[in-house]
Amino acid sequence: MTPYARAARHARWMLAVLALTILSVAVAEMFVGHSNLVFAAAIIALIFANARMLTHNCPNCGKNLFFRGALVVFWPNRICGRCGHDCDGPERPNPQNR
Ligand SMILES: [Zn+2]
């Protein structure tokens, strides 16, 4: 599996966690009224689920695939923004780009 495919799988996983989180907060609000505790738990769960995001790096230069400069975006880069490595291409990094 390519680094891009792994990162994209993580993005889809985060989408599912986010949907589940919003749903559980909505259900909790329906039954117990507004609860900051439920909301805080949801935020913490999201942060933990997303911690893996930091492990999806370019195999060539180590730049995180979810960063566009200083911005973090939801979907990973297929082509590395720093070294131009094709993260969805053959697994072997190109040493000339290092
Ligand atoms: Zn790179």
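1. A residue counts as buried if 20 or more other C-beta atoms, placed from the backbone, lie within 10 Å of its own, as exposed if 12 or fewer do, and as partly exposed in between. In helix H1 the buried residues are Pro-3, Tyr-4 and Ala-7. Helices are DSSP runs of H or I with at least four residues, strands are runs of E with at least two, and both are numbered from the N terminus.

2. This is a predicted model, in which local features need pLDDT of at least 70 and side-chain atom pairs count only at pLDDT 80 or more, while totals for chains, interfaces and linings use all residues. Residues are numbered from 1 along each chain as its sequence is written.

3. H1 covers residues 3–32, and its 30 residues reach 43 Å from the first C-alpha to the last. That is close to the 44 Å expected at 1.5 Å a residue, taken as 1.5 Å times one less than the number of residues. Gly-33 follows H1 and has a positive phi, near 80°.

4. H1 packs against helix H2 (residues 36–50) at an angle of about 170°, with the axes 10 Å apart. Axes are lines fitted to C-alpha atoms over the stretch in contact, and angles run from 0 to 180 degrees between N-to-C directions. The two helices are therefore roughly antiparallel, a label for angles over 145 degrees.

5. Which residue is found in the segment after strand E2 (71–72)? Cys-80 is found there. Cys-80 is buried, with 23 other C-beta atoms within 10 Å. Asn-60 lies 20 residues from Cys-80 in sequence and 8.8 Å away in space, C-alpha to C-alpha.

Definitions and conventions. Parallel < 35°, antiparallel > 145°, perpendicular 65-115°, else oblique.
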